[in-house]
Amino acid sequence: MKRYEYLSQLEALLSALPEAERRDALNYYEEYFDAAGPENEEATAAELGSPAEAARKILESEGLPAAEPQPPAKSRAGYLWIALIVLVAAALVMVLAVLMLGLIQPGTAAESVSVATSFADEEPQTEASGNPALTEPSTTESAAEAGSGFTTMQTSFARARAQDMTLMVDYGTVTIQTSDTVTEAELLCENVRTDWLTFAGEKQVRVTYKTPANYNLSNDPEPHFTLTVPTARSFTFHKLNITAVMGNVTFAGDIAAEAVTLNLDMGNFSGDTVTAGTLSAVIDMGTFELGKLNGAQTIAIENSMGNVGLTVDGGADEYSIDIQSDMGDTAFNGQTYPGGYLREKENARSLTVRTAMGNVAVTTENP
Amino acid sequence: MAINTTAGLLDAIVLAVVGREDAGTYGYKITQEVRAVLELSESTLYPVLRRLQKDGCLTVHDEAFNGRNRRYYQITPAGRARLAEFTAEWEVYTAKINKLFKGEPQ
């Protein structure tokens, strides 16, 4: 079997382990496959025996009962079934969301209007002299429509704080964009419940939007989080971390960061231009499309279900490349490589793209 | 006929293999070197390495290799002590059995 299959089965069989122990075990076997050589993936998996065997040994040594053995012929089909069911469930959620949005009350339109006016009226924010990190974020909030419970709010963060930015959103879209007219970072949160929204961090910005467990989101309008920062000429993130559980993430314009980390459970990522030293993206279900990535030393993209499209600067020989799709097509600089494209290089920029189910197309600016 | 490898013997073999490298060595390499000495399934090693680490006989450190992470295992003084203890017992044990098999008096 392929490496991805082995590791994902092993992960499932180790679900009784605490997170840290499970991570350690998976890392060990990932490194094992790496060391054995990617071209020997199938042989290595065969030599390791079944994931059930490895899992049993690990669980026994931790004093836990082993999971029920699965008949091998069934497990492969089993995973496809699960994937199908998840796809159908996701499709249903989308359909419900569209239907619900179509029935929005007229009152909500009035809310958006009031935000537009408060924008225009707002005085330009100036940083307090001396200690920008301790300035309280300034916020304007429009009054919630009685009974709807959702608000739209606008917050500003001092530049120095905003450079270390983490957004963790259970539900809603996230957009990062640049503008010539802002001097600080401005975050617009639309259709949010304020008691689910937290702002934290002294020298950084941590925004969390946490929906309660078992809460039925299908009746709610979709929240939107839009962060506007000054242009790349004058503003670079140290760290830009985005976790979006259900919603798309979009980068508009040229976004500059030292490190970008993206975690999407169910949503698409699309970006125009990113200049970053490190780009790491993990997507469970959705597409990854980035028009141009400049200046990256380390690029790691993992997609469980969805396509990946990416163009990077520089030439193909500047990178150590590992591109692989378990169940899809791999294309590098316009050429198809059925088994994936691997060309490792020491002391080179690192480019790794892995998908389980989806096509990968990677292009370098200079072939 | 297969000779059973007890858990204690396997621990000692792993400690001896890891102990050969001053700078430490990594999972895949350890597995290959142990398999050069005795037959065992490749998935047997991870729990052993884990247990020896928890017992303080091995330490780990992570290093980047070709842009990826690689975990290295190193023997500790406590590990060397356990190996020495086992080796001493092993000498006595095998000496007695060898004498028996060769028909020599104990």
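Visitor: What makes the pair B:Arg50 and A:Asp24 a salt bridge?

Guide: In this predicted model, the closest N and O atoms of B:Arg50 and A:Asp24 are 3.6 Å apart. The rule asks for a side-chain nitrogen of Lys or Arg within 4 Å of a carboxyl oxygen of Asp or Glu, so the pair counts as a salt bridge.

Visitor: How many salt bridges does the rule find across the interface of chain A and chain B?

Guide: Seven salt bridges are found there. Polar contacts between chain A and chain B come to twelve residue pairs.

Visitor: Which elements of chain A give two or more residues to the side that touches chain B?

Guide: They are helix 2 (19-36), helix 3 (41-48) and helix 4 (51-61) of chain A. Helix 2 gives the most, with ten residues.

Visitor: How do you know what area is buried between chain A and chain B?

Guide: Buried area is the accessible area that two parts lose on being put together, summed over both, so the figure of about 2100 Å² covers both chains. Carbon and sulfur atoms give 44% of this area. Of the area that chain A buries against chain B, 29% is supplied by A:Tyr28, A:Glu31 and A:Tyr32, more than by any other three residues.

Visitor: Why is A:Val86 called partly exposed?

Guide: The relative accessible area of A:Val86 is 32%. Buried means under 20% and exposed means over 50%, so A:Val86 falls in between and is partly exposed.

Visitor: Where is A:Val86, and which residues make a nonpolar surface patch with A:Val86?

Guide: A:Val86 lies in helix 5 (residues 72-102) of chain A. Together with A:Tyr79 and A:Ile82, A:Val86 makes a nonpolar surface patch of about 250 Å².

Terms used. Residues numbered from 1 in each chain as written. Chains lettered and ligands numbered in written order. Predicted model: local features only at pLDDT ≥ 70, side-chain atom pairs only at ≥ 80, totals over all residues. Heavy atoms only, no water. Patch = residues over 30% accessible without salt bridge, like charges linked within 9 Å, V, L, I, M, F, W, Y side chains within 5 Å. Areas by Shrake-Rupley, 256 points an atom, 1.4 Å probe, with all protein chains shown as cover. Helix = DSSP H or I, 4+ residues; strand = E, 2+ residues; numbered from the N terminus. Buried < 20%, exposed > 50% of the residue type's maximum accessible area, 1.4 Å probe, protein only. Buried area = accessible area lost by both parts, 1.4 Å probe. Polar contact = N/O pair within 3.5 Å; in protein donor to acceptor, adjacent residues only side chain to side chain.
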